[in-house]
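Hi there,

Here is the structure I promised to pass on. Have a look at it first, and my notes follow below.

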2 protein chains.
Amino acid sequence: MTGDGDRGDADPGGEAPERRASSEVISAVMEDYIKAIYAIERDTGERVSTSALADYLDVTAPTVSSMIKKLAERGLVDREEYKGVTLTDDGELVALEILRHHRLLESFLTEQLDYSWVDVHDEADRLEHHVSQKLSDRIAEALGNPPVDPHGDPIPDADLSLPDAGDAVRLVDAEEGDRVVVQRVRDQGDAELRYLADAGVWPGAELVVVDVAPFDMLTVETPSAEQSLPADVARLIEVEPATDDEGA
Amino acid sequence: MTGDGDRGDADPGGEAPERRASSEVISAVMEDYIKAIYAIERDTGERVSTSALADYLDVTAPTVSSMIKKLAERGLVDREEYKGVTLTDDGELVALEILRHHRLLESFLTEQLDYSWVDVHDEADRLEHHVSQKLSDRIAEALGNPPVDPHGDPIPDADLSLPDAGDAVRLVDAEEGDRVVVQRVRDQGDAELRYLADAGVWPGAELVVVDVAPFDMLTVETPSAEQSLPADVARLIEVEPATDDEGA
DNA sequence: ACATAGATTTAGACGAGTCAAATAATTGGA
DNA sequence: TCCAATTATTTGACTCGTCTAAATCTATGT
Ligand SMILES: [Mn+2]
Ligand SMILES: [Mn+2]
Ligand SMILES: [Mn+2]
Ligand SMILES: [Mn+2]
């Protein structure tokens with residue numbers, strides 16, 4: 001006999017750990033839409049269009065159209081026909097909760113389970129919807145309540161307030177000769193992250209900007225080598241001036 | 001800017017980490033049915049009836065009827081009309097894989113995140129479907145490849161073979177005066193587990209059987225007190241003779 | 001001012017997973 | 001042996017998340 005005794009839990013559309021402002025049931029799919037809206041809104045500063053969401057989530061426009069209608073009914077987004085959506089305060093809370101789960105999971109995977117910071121995203125992206133508040137909090141505790149995840153993204157605290165990032169500068173805007181420390185590597189394709197990891201560019205790394213802007217390229221010197229980065233990539237890397245006490 | 005950049009991942013019925021014998025897509029719901037079939041089959045030694053599954057999963061008989069048809073088509077169960085199902089070898093592999101995830105998660109939660117063994121089940125029951133092979137293996141490694149989970153249930157190894165349990169005896173079959181160590185507490189309701197935890201009965205605990213069978217009750221002495229347990233509960237506890245070297 | 005390109009929504013369909021009601025098979029008593 | 005009670009299956013319907021094709025709205029440029 002070896003039955004585990006998984007007492008009744010067929011859960012197609014329903015049993016996730018929910019404890020938010022408005023206690024409606026929010027599916028994993030809805031959570032992903034909300035996260036996407038949050039990200040695009042932060043990124044562009046504008047209302048999020050149907051097509052932007054469709055692109056981001058790799059889904060067709062009609063699918064988005066019907067989903068945002070549902071989100072609007074649930075009070076999670078403000079929707080204006082033909083004008084896209086914005087998150088409501090409730091919606092933003094949902095986004096922050098998922099983001100907290102996501103980033104804590106990423107931190108946990110790198111710090112306790114020896115994952116590389118380039119590999120954590122997909123795993124966290126699945127688990128974020130199924131982790132309870134309690135588990136998130138335990139992870140945070142075990143990690144000493146880290147303020148940022150392995151990419152340098154800020155982690156909302158237990159009450160979902162987001163510590164505001166220091167005054168970071170985009171690497172692409174740095175000047176020749178600047179000595180900087182990487183604060184944050186904004187999310188991008190797997191290949192790009194892997195390239196950066198190989199190049200020695202990751203949160204915490206110290207760089208010297210060697211050469212700027214020939215043909216949309218920027219060259220930096222890492223402790224081990226000199227690297228050229230496309231401006232598109234350098235735009236997604238945030239740095240601060242090296243303060244000269246983060247030696248080895 | 002604080003977008004996480006969760007690149008496109010709306011995943012309603014689809015993107016779980018799958019790498020099994022027959023590479024069909026197996027949903028979380030299907031996984032739960034398979035786990036249930038495995039548990040009931042182990043438990044009763046007989047073909048699993050539609051109604052047994054319906055009871056176990058808290059779902060109606062027609063729902064089970066259609067689902068087992070699908071599982072049969074996928075080659076995961078042998079179905080005989082009106083006679084219930086058995087797992088095929090493929091189905092058993094799926095069950096063992098999920099069981100591995102489940103039990104490793106339970107172990108991890110208790111050992112690294114300070115969960116009580118009575119609280120781990122629900123969390124593991126959700127996460128088991130969303131954990132990758134890689135993550136399971138990392139957890140196993142971090143834990144030193146434990147042979148059993150916090151309830152004493154054996155954990156299938158990476159190749160999904162199940163270490164066979166020692167020759168355990170049900171506590172209900174012990175005799176007066178026996179000094180035993182609890183090996184395993186079979187799954188049961190939350191309330192029962194909590195009761196046992198309060199009573200000082202958990203895997204590893206040493207008990208002396210004080211009194212047996214008056215009115216379906218059995219009385220044991222724990223290090224701290226004397227406890228009476230209903231036979232129904234004692235039937236689900238497995239023990240081995242104390243070998244006299246598991247002192248403090 | 002208005003035609004048209006482009007974005008958005010509507011309409012209709014589908015697979016998954018579920019249910020209630022109706023029907024059919026099995027089984028164990030009489 | 002045969003019938004009633006139990007169990008299982010079929011049928012038809014519903015929700016969720018998705019799609020394609022068609023209709024409709026918005027915005028742009030002349
Ligand atoms: Mn996700
Ligand atoms: Mn991140
Ligand atoms: Mn489960
Ligand atoms: Mn267990």
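At what angle do helix α2 and helix α3 of chain A pack? The angle between helix α2 (residues 50-57) and helix α3 (residues 61-73) of chain A is about 110°, and their axes are 9 Å apart. That makes α2(A) roughly perpendicular to α3(A) (this term covers 65 to 115 degrees). In α2(A), A:Thr50, A:Leu53 and A:Ala54 meet A:Ala61, A:Val64, A:Ser65 and A:Ile68 of α3(A), where contact means heavy atoms within 4.5 Å. Of the residues in this contact, 5 are nonpolar, 2 are polar and none is charged.

A few words on the background. This is a predicted model, in which local features need pLDDT of at least 70 and side-chain atom pairs count only at pLDDT 80 or more, while totals for chains, interfaces and linings use all residues. Residues are numbered from 1 along each chain as its sequence is written, chains are lettered from A and ligands numbered from 1 in the order in which they are written, and side-chain values use heavy atoms, leaving out hydrogens and water.

Next, the metal. A:Glu106 (OE), A:Asp149 (OD) and A:His151 (ND1) coordinate the manganese ion (ligand 2) at 2.2 to 2.4 Å; donors are N, O and S atoms within 2.8 Å of the metal (3.2 Å for Na, K and Ca). Both A:Asp149 and A:His151 are buried (under 20% relative accessible area; exposed is over 50%).

Finally, a backbone detail: B:Tyr82 has a positive phi, near 65°. B:Tyr82 sits in the loop between β1 (77-80) and β2 (84-87) of chain B and is exposed, with a relative accessible area of 82%.

Best wishes

Note on methods. Axes are lines fitted to C-alpha atoms, for helices over the stretch in contact, and angles run from 0 to 180 degrees between N-to-C directions. Helices (H or I, at least four residues) and strands (E, at least two) are DSSP runs, numbered from the N terminus. Angles under 35 degrees count as roughly parallel, over 145 as roughly antiparallel, 65 to 115 as roughly perpendicular and the rest as oblique. Ala, Val, Leu, Ile, Met, Phe, Trp, Tyr, Cys and Pro count as nonpolar, Asp, Glu, Lys and Arg as charged, and the others, Gly among them, as polar. Buried means under 20% relative accessible area, exposed over 50%, partly exposed in between (1.4 Å probe, protein chains only).
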